Amino acid sequence: MSEVERVHILRLTEEGKSSADDVVVTEFALTIVLNNQELVTLLCSPKNLDYLTVGFLLSQGLIKEGDDIKKIMVDEKRGIAKVETKEAVDISVRPVLASSGARGAVSSSIQKVGADTKVKLSASQIFSLMEDFVQRSRLFRSTGGVHSAALCNTESILLFSEDIGRHNAIDKIFGECILTDIPTDGRILVTSGRVSSEILLKAAKRNIPLLISKSAPTDLGV
């Protein structure tokens, strides 16, 4: 499925109005079924849905590592991702999705989770990573309708993803790491979205000590 759809628009500028064709991002509904129980429906971009599914389960604490998964099957036509785990999973407390893309309530463990680090970045390295990050945002440049996320070391971007949701973009990174055995310890996370407490907690749980964003933090994020 394409990540964009072509539409006919009326463009208004200081010079006047004109008709044109343009592209908008595709909004896709993905229902995750865990051990034959419907868990949640995510609104997302229709790419790397297996990474998104695994990353979401990881971020929600429903799995801890790739070995927890017995089988995963994604049916793009029906918009369903089915996951079987080796052990039973308690999903009695289901995630809540807010309109902003935030998920769930603030955990009392937020003060207890942290990432040990000896990683250091200079200002010039930060700007270099962000410049590369922005240049890779192909969908954003063409549509202005997505968020981006990247996993980096101090020199370069290792993994990059785009999605209509800032949480989804990060979860796709973590899902790819789980499914392809890429370590996150001591890495750097770059995001286009605001830095909320949930985003920080998500990164800290993967032992990522540094987070870079071109957007503002919330007070709890600080």
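Two strands count as paired if DSSP finds at least two bridges between them. Keep that in mind for this tour of a predicted model.

**Stop 1: a strand pair.** Select residues 28-34, strand β3, and residues 80-85, strand β6. The two strands run parallel, and four bridges join them.

Stop 2: In what order do the four strands lie? The order is β4-β3-β6-β5, in an open sheet with mixed pairing.

Stop 3: Select residues 49-59, helix α1. Helix α1 lies across β3, β4, β5 and β6. Its direction makes an angle of about 55° with β3.

**Stop 4: two helices.** Move on to α4 (residues 166-180) and α5 (residues 197-205). Two packed helices are described by the angle between their axes and the distance between the axes. Here the axes come within 11 Å and cross at roughly 0°. Angles under 35 degrees count as roughly parallel, so α4 and α5 are roughly parallel to each other.

Show the side chains where they meet. Helix α4 contributes Arg166, His167, Ile170, Asp171 and Phe174 to the contact. From α5 come Glu198, Ile199, Lys202 and Ala203. Colour them by class: the contact of α4 with α5 has four nonpolar, one polar and four charged residues.

Key
Residues are numbered from 1 along each chain as its sequence is written. This is a predicted model: local features need pLDDT of at least 70, side-chain atom pairs count only at pLDDT 80 or more; totals for chains, interfaces and linings use all residues. Side-chain values use heavy atoms; hydrogens and water are left out. Contact means heavy atoms within 4.5 Å. Axes are lines fitted to C-alpha atoms, for helices over the stretch in contact, and angles run from 0 to 180 degrees between N-to-C directions. Angles under 35 degrees count as roughly parallel, over 145 as roughly antiparallel, 65 to 115 as roughly perpendicular and the rest as oblique. Ala, Val, Leu, Ile, Met, Phe, Trp, Tyr, Cys and Pro count as nonpolar, Asp, Glu, Lys and Arg as charged, and the others, Gly among them, as polar.
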